[in-house]
Amino acid sequence: MNVVVTGATSMIGVATIEQILRNEPDDRIVAVVRGKSGNISRLPHDSRLHVVECNAGEYQYLPELIQEKCDIFYHFAWLATGKGRNKSILEQSKNITICLAALTAAHKLGCRKFIGAGSQSEYGLLDLDKISPGSPVNPIQPYGIAKYAAGRLSLKLAEQFDMDCLWVRVFSIYGPNDKKTTLVNTAVEGLIDGRRVSFTPAGQRWGYLYSDDAGRAFYLIGKKSDGRKVYCLGSGKARLLKDYIVEMQQIINPDCPVGIGDNPYPENCVMNICADISELKADTGWEPEVPFKDGIETIVKMKMDKKHDV
């Protein structure tokens, strides 16, 4: 089986590739990365992995670059992520076209299944104990609006192409290769360095999921799910954000102060971010396996090893 992965060097892209290589010895993966990417070293060294350079705005050329029939297409690539992702409406709107170009390329490559990465931000200011695929959707930020539009249009286009399409709304993933600006990465870096890091009162309820678990979920969706539907992907269990921060402090540097409450909540702060994963579990048999403590310890070890190598 041939699998295509765009955004292959992203945190979830790498985790998904690792899971496929681990569980499917006969699969061949085409990892699509942007030209002159500085993150190719994140990818596993494996003869079954073939790297293709193609910028996100040029996915219409993927059939020419790959030139072989493929079976499953994972789309993780997304422009303008991180803290600045809600500042540019025009930049976010490009992602809708890019996603549809990826789906069209998947169709031309003969793929029977397209799997795209959505976001919990598609729900907007929803305040529920658990958010399910059927919960009301009302995104208010450009990032969430673009994700929602990309997902809805992908499902419609896949119907025209008679392809399976699974849109996975991602909730609070952490792990190696995470963006520098995320709460977990900021906290870990600060605690390793012994620096006080400032936070809001951190009364939000979040359900963090380790990237290995997320990659395994995407792998199983590719292997077992079919049709055209939406999933929510997260841990399925929520804790107060301040409890996560204190746990990281105890694991990494108990003597380092953490600034819980130093900053006010941002405007339109979502207080409940917990995914209802029951449909995903029922369809694929997937279950989260990595406790938060184990995930943080793995991240810290990798960061310390990297520091020692410099």
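The lining of the second largest pocket has ten nonpolar, three polar and eight charged residues. Here Ala, Val, Leu, Ile, Met, Phe, Trp, Tyr, Cys and Pro count as nonpolar, Asp, Glu, Lys and Arg as charged, and the others, Gly among them, as polar. The model is predicted: local features need pLDDT of at least 70 and side-chain atom pairs count only at pLDDT 80 or more, while totals for chains, interfaces and linings use all residues. Residues are numbered from 1 along each chain as its sequence is written, and side-chain values use heavy atoms, with hydrogens and water left out.

**The pocket**
- The second largest pocket holds about 330 Å³ of space.
- A pocket is an open set of points on a 1 Å grid over the protein atoms alone, where a 1.4 Å probe fits, with protein on both sides within 12 Å along at least five of seven lines; lining residues have an atom within 4 Å of a point.
- The volume is the space filled by probe spheres set on the points, which are joined across faces, edges and corners.
- Of the 21 lining residues, Tyr208, Ser235, Gly236, Lys237 and Pro288 are the closest to the centre of the second largest pocket.
- Strand S9 (209-210) and helix H8 (278-284) are the elements that give two or more residues to this lining.
- Helices (H or I, at least four residues) and strands (E, at least two) are DSSP runs, numbered from the N terminus.

**The seven-strand sheet**
- An open sheet of seven strands runs in the order S3-S2-S1-S4-S5-S6-S10, with parallel pairing; two strands pair if DSSP finds at least two bridges between them.
- Strand S3 (49-53) and strand S10 (228-233) are at the edges with a single partner strand each, so one side of each is left without a neighbour in the sheet.
- The twist averages 20 degrees from one strand to the next; axes are lines fitted to C-alpha atoms, for helices over the stretch in contact, and angles run from 0 to 180 degrees between N-to-C directions.
- Strand S6 (residues 164-170) and S10 are joined by six bridges in the parallel sense, and Arg169 stands opposite Cys232 in S10.
- Helix H4 (residues 142-161) lies across strand S5 (113-119), S6 and S10, at about 165 degrees to S6.

**The three-strand sheet**
- Another open sheet has three strands in the order S11-S8-S12, with mixed pairing.
- Its edge strands are S11 (239-240) and S12 (272-273), each of which pairs on one side only.
- Strand S8 (residues 205-206) pairs with S11 in the antiparallel sense over two bridges, and Arg239 in S11 is the bridge partner of Trp206.

Note on methods. Contact = heavy atoms within 4.5 Å.
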